Amino acid sequence: YAGEETEVTVPDGVKVIGEGAFQNNKSVTRVVLPEGIQEIRAYAFSGCTALEWVSMPEGLKEVGPYAFHECRELRNTL
């Protein structure tokens, strides 16, 4: 994701957040993941320095290494 939106809602039907999908995005502060999400791959949100909040649905099975590396503002995951 290379957009400039501050809040991103990942569409229903997405099962995997790919490696580096949001990496180094400086705009996004909030990400809403769909209930069907199963995996967040390595470095998916790495370097998202403005990221404060991410929803973490119950069906999430795996979070890859360094998925949230350098997310210094991350305060809440639900």
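Trainee: Which residues form one aromatic cluster here?

Mentor: The cluster is made up of Y1, F22, F45 and F68. Before reading further, note that this is a predicted model, in which local features need pLDDT of at least 70 and side-chain atom pairs count only at pLDDT 80 or more, while totals for chains, interfaces and linings use all residues. Residues are numbered from 1 along each chain as its sequence is written, and side-chain values use heavy atoms, with hydrogens and water left out.

Trainee: How many aromatic pairs does a search of the whole structure find, and how is a pair defined?

Mentor: Rings of Phe, Tyr and Trp (its six-membered ring) pair if their centres lie within 6.5 Å, and planes under 30 degrees apart count as stacked, over 60 as edge-to-face and the rest as tilted. On that basis the search of the whole structure finds four aromatic pairs. In one of them, Y43 and Y66, the ring centres are 5.5 Å apart and the planes stand at 15°, so the pair is stacked. F45 and F68 also form a stacked pair, with 5.2 Å from centre to centre and 5° between the planes.

Trainee: Where in the chain do F45 and F68 lie?

Mentor: Strands (E, at least two residues) are DSSP runs, numbered from the N terminus. F45 lies in the loop between β4 and β5, and F68 in the loop between β6 and β7, so their pair ties together parts that are 23 residues apart in sequence.

Trainee: Is F45 buried or exposed?

Mentor: Buried means under 20% relative accessible area, exposed over 50%, and partly exposed in between (1.4 Å probe, protein chains only). F45 is buried, at 0% relative accessible area, whereas Y43, at 32% relative accessibility, counts as partly exposed, and Y66 counts as partly exposed at 49%.

Trainee: How many disulfides does a search of the whole structure find?

Mentor: A disulfide is a pair of cysteine sulfur atoms within 2.5 Å, and the search of the whole structure finds zero. C48 is in no disulfide, its nearest cysteine sulfur being that of C71, 5.3 Å away. C48 counts as buried at 0% relative accessibility, and C71 counts as buried at 9%.

Trainee: Which ring does the charged end of R30 sit over?

Mentor: A charge sits over a ring if NZ of Lys or CZ of Arg is within 6 Å of the ring centre and within 35 degrees of the ring normal. The charged end of R30 sits over the ring of W53, 3.8 Å from its centre.

Definitions and conventions:
Helices (H or I, at least four residues) and strands (E, at least two) are DSSP runs, numbered from the N terminus.
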